[in-house]
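Here are my notes on the model you sent over. Please read them with the structure open.

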Amino acid sequence: MSSERPATNDEEPIVTCSELLEQIEDEEEELDRERALYGNCDVDTCTYSQGYVRRQALFTCTTCNKNEQSIGVCAACAYHCHANHDVNELYTKRFFRCDCGNTKSGHQPCKLYLNKDPENTLNKYNDNFRGIYCTCKRPYPDKEATTSDDEMIQCIICEDWFHSQHLGVSLPMEENETNQMDMICQACVTKYPFLAFYDEIRGVITPPAENNATCLLSSNEKNDEFHTIFLRDGWRRRLCRCEQCSKLYDELKLTPIFDDADSIQEYEKQALAQSENLDGDKILADSLENLGYTQKLEVLRGINEFKKTLGDFLREKANGDGVLTAQDVTTFFAGLQEKRQERQRTMFMPPDNCKS
């Protein structure tokens with residue numbers, strides 16, 4: 001005999017287990033997304049000794065940036081050396097060495113790694129380190145924005161973030177298609193004109209053989225119109241690898257970017273694998289209890305918060321009338337989302353509708 005109580009016209013609909021599980025799965029997908037970004041972070045070890053790290057989660061401290069010098073610090077230094085500072089997340093950046101404790105951070109010493117060089121001369125900084133993004137040069141989050149529905153997409157070359165409405169081109173029609181494509185902004189295509197030949201709209205480049213002898217671009221007409229382009233997953237394997245093009249990539253310092261290992265997808269894959277080996281409860285208790293301003297390992301905090309909140313919620317319902325309504329579940333997940341949004345208001349964390 002079924003124990004489900006039918007709803008009358010005056011009662012709220014009863015929530016089924018499948019409906020509750022579906023909403024829990026949505027929450028877990030969000031946690032997985034954050035785990036993919038921050039699973040590689042070590043909150044106790046500065047990455048300075050690793051040199052210019054191929055890709056890592058970075059943060060900028062505006063408290064230490066009194067002379068308007070761009071500064072980037074690793075996750076560990078953001079936690080140990082810049083606690084209670086005004087710190088913003090920068091998502092991930094490539095080939096960057098931690099600035100904490102050098103001349104850019106003023107008189108703020110690094111607590112995790114002493115005797116750093118005065119400056120990391122190979123570091124590259126863009127507007128993101130000053131808290132502004134896109135061609136509109138607006139902060140994120142933008143408190144003056146009239147809408148929060150516009151997507152932000154990261155250019156894989158310059159690593160700046162752009163509002164979709166400021167790209168100058170329409171997004172691919174299907175949302176899933178956009179998720180599977182990389183974007184190169186108009187400024188980067190103009191700077192590196194040969195990239196225009198790989199525009200998906202042109203559809204003239206065929207998959208090359210490795211180290212092809214004949215240049216694949218020589219037969220293509222010259223393109224004088226440059227605009228933002230989208231590239232499908234696997235586009236790096238379609239790049240011409242002739243001697244002339246390979247030399248050009250080296251001269252422009254693009255060779256590492258054109259390696260499959262550079263992709264954010266590969267970084268997230270490694271981060272997910274790394275985080276699966278972590279004891280989330282132990283790390284949360286030992287290292288993350290006082291994070292506050294940063295989400296560098298937000299997923300580990302989030303998982304525990306979710307478990308506790310859900311447990312309290314179900315116990316409260318069990319001690320009451322034992323009936324779980326649709327409004328109960330909506331209120332529960334709205335509360336979790338509100339907490340996440342409150343944390344995101346003070347930091348840069350790509351929201352659900354960001355693409356990279």
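## Notes on the predicted model

1. **A charge over a ring.** Lys104 places its charged end over the ring of Tyr125, at 4.5 Å from the ring centre. Keep in mind throughout that this is a predicted model. There is another case of this kind to look at. The charged end of Arg97 lies over the ring of Tyr48, and here the distance to the ring centre is 3.8 Å.

2. **Overall make-up.** The protein chain has 356 residues, and 47% of them count as buried. Its secondary structure comprises 9 helices and 8 strands. The exposed surface comes to about 19,500 Å². Carbon and sulfur atoms supply 47% of that surface. Now take the contacts between residues at least 6 apart in sequence: 73% of them join residues at least 24 apart.

3. **The nonpolar core.** The largest nonpolar core has 61 residues. Which residues have the most contacts inside it? They are Cys77, Ile157, Ile184, Phe194, Tyr198 and Phe258.

4. **Ile184 in detail.** Ile184 is one of the residues with the most contacts inside that core. Leave out residues up to four places away in sequence, and what does Ile184 touch? Its partners are Cys155, Ile156, Ile157, Val189, Leu195, Thr228, Ile229 and Leu231. Of these, Ile157 is also on the list of residues with the most contacts in the core.

5. **Aromatic pairs.** The structure holds 9 aromatic pairs. One of them joins Trp235 and Phe258, edge-to-face, with 5.9 Å from centre to centre and 85° between the planes. Trp235 sits in the loop between strand S8 (229-232) and helix H5 (243-251), and Phe258 in the loop between H5 and helix H6 (264-275), so this pair ties together parts 23 residues apart in sequence. Are Trp235 and Phe258 buried or exposed? Both are buried.

6. **Phe258 again.** Phe258 also pairs with Tyr249. Why is this pair called edge-to-face? The planes of the two rings stand at 85°, and the cut-off for edge-to-face is over 60 degrees. Their centres are 4.9 Å apart. Tyr249 is buried, as is Phe258. Ring pairs link Phe194, Trp235, Tyr249 and Phe258 into a cluster.

7. **Backbone points to check.** Most residues other than glycine have a negative phi. Phe95 is not a glycine, yet its phi is positive, about 50°. Phe95 belongs to strand S2 (residues 87-96). Its relative accessible area is 30%, so Phe95 counts as partly exposed. Glu159 is not a glycine either, and its phi is positive too, at about 65°. Where is Glu159? Its place is the loop between strand S5 (152-154) and strand S6 (161-163). With a relative accessible area of 8%, Glu159 is buried.

8. Glu89 lies in strand S2. At 1% relative accessible area, under the 20% cut-off, Glu89 is buried. Cys61 is 28 residues away from Glu89 along the chain. The C-alpha atoms of Glu89 and Cys61 are separated by 9.0 Å.

9. **Thr135.** Thr135 is in the loop between strand S3 (132-133) and strand S4 (138-139). Is Thr135 buried or exposed? Its relative accessibility is 54%, so Thr135 counts as exposed. Thr135 touches Phe162 and His166, with residues up to four places away in sequence left out. Ala187 is 52 residues from Thr135 in sequence, and the C-alpha to C-alpha distance is 9.7 Å.

Technical notes:
Residues are numbered from 1 along each chain as its sequence is written. This is a predicted model: local features need pLDDT of at least 70, side-chain atom pairs count only at pLDDT 80 or more; totals for chains, interfaces and linings use all residues. Side-chain values use heavy atoms; hydrogens and water are left out. A nonpolar core is a set of buried Ala, Val, Leu, Ile, Met, Phe, Trp, Tyr and Cys residues joined through side-chain atoms within 4.5 Å. Buried means under 20% relative accessible area, exposed over 50%, partly exposed in between (1.4 Å probe, protein chains only). Contact means heavy atoms within 4.5 Å. Helices (H or I, at least four residues) and strands (E, at least two) are DSSP runs, numbered from the N terminus. Accessible areas come from the Shrake-Rupley method with a 1.4 Å probe; for residues, only the protein chains shown count as cover. Rings of Phe, Tyr and Trp (its six-membered ring) pair if their centres lie within 6.5 Å; planes under 30 degrees apart count as stacked, over 60 as edge-to-face and the rest as tilted. A charge sits over a ring if NZ of Lys or CZ of Arg is within 6 Å of the ring centre and within 35 degrees of the ring normal.
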